[in-house]
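Hello,

Here is the structure I said I would pass on. My notes on what was found follow below it.

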Amino acid sequence: MQSLKNVVVVGGSYVGSGAATKLANALPSGYRVLLVEPHSHFHHLFAFPRFAIVPQHEHKAFIPYTRLFASAQAPNSHAVVQAKAVRVADKVLHLDRAWEEAKELPYEYLVIATGTKLPSPGSMQHDHKLGGVDFFKTYQGGIKTAKNIVIIGGGAVGVQMALDLKEFYPEKNVTLVHSRDKVMNRFHPGLDAIVRKRFDEVGVKAITGERVKLPAEGFPTDGTPTTVHTTNSEIPADLVILATGQVPNNQLVKDLDDDAEDKLTAPNGFLRVRPTLQLLNPAYSNVFALGDIADTGAPKAARPGMLQADVVVDNILSLIEGKEPTKKLEVGAAAIHLTLGLKQNVIFKNPDGDEEPMIKMRDDGQEDMGIEGVWTRRGFQVKDASEYHL
């Protein structure tokens with residue numbers, strides 16, 4: 001029996017797992033999809049800021065991968081490989097542990113969707129669900145006992161945590177510090193205005209245009225009182241939350257960059273790609289990058305990443321058929337669905353050209369952020385609350 005050819009996707013977050021399922025439904029016979037991911041469960045990162053504050057839901061943020069390929073063609077052909085990808089070589093991916101008795105995984109095509117790393121609690125270092133659940137419970141305890149909380153960073157994670165904190169614990173002093181003059185500064189100023197209005201309503205103090213002086217040893221994590229020093233301010237804190245942005249997970253291609261005439265990583269650390277999302281260096285035309293790790297100019301978010309998955313699938317199919325890839329990425333305006341507390345939220349899209357931004361204010365938020373729907377979309381019909389502990 002002839003062995004199946006591997007199309008390997010590295011990274012099982014929103015974009016990587018989405019690309020894997022799209023590929024599994026599109027590849028011709030003779031090919032299989034292998035999703036390489038060190039985590040035992042899918043991490044619903046959008047809920048992490050909320051579940052780090054609000055108790056009793058933390059276990060719901062980790063969803064098994066067991067039904068990822070359930071609706072795919074020949075579902076038993078595809079697999080999730082629980083391992084960390086450590087190095088890309090020519091047609092071989094090196095793993096940190098053996099899978100099917102080998103640490104080398106051959107591939108015909110490789111899709112890199114390793115994304116970025118955020119400071120905790122924006123992302124999780126634990127590979128297993130129980131470790132993640134315990135982390136959230138400990139973090140919730142630190143928040144509960146803190147009186148003065150300072151959040152550093154005015155992006156989505158910082159804004160959402162500030163508003164959740166002040167709404168869930170109105171007696172606490174919550175201060176958000178951002179180095180730019182406007183929060184959510186990658187978006188049209190209209191979003192800053194919406195967030196500022198909401199800050200005023202619930203009592204979040206915002207200090208903008210001031211950079212925090214980060215101590216070399218970091219801020220205390222055990223509840224010890226400290227002082228946050230900025231350009232012009234001194235802020236007392238019992239807990240400091242870092243929400244300071246993304247670091248690209250680009251370690252996979254470090255060895256390739258050593259020999260590459262055309263560097264695979266841009267100066268900002270993201271992977272350089274062609275409009276077809278193949279790596280820029282022509283020596284690696286069978287390797288693609290998409291989502292947050294790719295230097296596409298597209299917003300770093302799940303929805304534009306899923307549009308990139310369609311480009312990758314089409315172009316891999318073209319290569320399998322012996323054709324040149326022709327599907328190219330079209331970058332659209334940045335958009336976001338941003339929570340503004342436990343119930344209020346906004347869908348905001350930057351304007352195209354001279355138009356006004358698209359704004360949809362909503363008041364339909366749930367404390368668990370509608371997590372049942374997320375489990376359903378990942379193949380689970382939850383009939384009993386105990387199933388969230390799978």
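In this predicted model, the buried residues of helix α4 are Gly-158, Val-159, Gln-160, Met-161, Ala-162, Leu-163, Asp-164, Leu-165 and Lys-166. Helix α4 covers residues 156–168, and at 1.5 Å a residue its 13 residues should span 18 Å. The C-alpha atoms at its ends are 18 Å apart, which agrees with that figure.

As for the chain as a whole, its secondary structure comes to 8 helices and 21 strands. The radius of gyration is 22 Å, close to the 21 Å that the globule rule gives for 390 residues, so the chain is as compact as a globular protein of that length. Taken along the principal axes, the box filled by the C-alpha atoms is roughly 65 × 50 × 40 Å.

Buried residues account for 51% of the 390 residues. Of the contacts between residues at least 6 apart in sequence, 62% join residues at least 24 apart. The chain has an accessible surface of about 18600 Å², and carbon and sulfur atoms hold 49% of that surface. There are 43 positive and 46 negative side chains, with the centres of the two sets 2 Å apart.

One loop residue is also worth a look. Thr-276 sits in the loop between α6 (254–259) and β18 (287–289). Is Thr-276 buried or exposed? Its relative accessible area is 7%, and under 20% counts as buried, so Thr-276 is buried. Leaving aside residues up to four places away in sequence, Thr-276 touches Phe-288, Val-311, Asn-315, Pro-325, Lys-327 and Lys-328.

Regards

Notes. Residues numbered from 1 in each chain as written. Predicted model: local features only at pLDDT ≥ 70, side-chain atom pairs only at ≥ 80, totals over all residues. Heavy atoms only, no water. Helix = DSSP H or I, 4+ residues; strand = E, 2+ residues; numbered from the N terminus. Expected span 1.5 Å × (residues − 1). Buried < 20%, exposed > 50% of the residue type's maximum accessible area, 1.4 Å probe, protein only. Rg over C-alpha atoms; globule rule 2.2 N^0.38 Å. Contact = heavy atoms within 4.5 Å. Areas by Shrake-Rupley, 256 points an atom, 1.4 Å probe, with all protein chains shown as cover. Lys, Arg positive; Asp, Glu negative; His and termini not counted. Charge placed at Lys NZ, Arg CZ, Asp CG, Glu CD.
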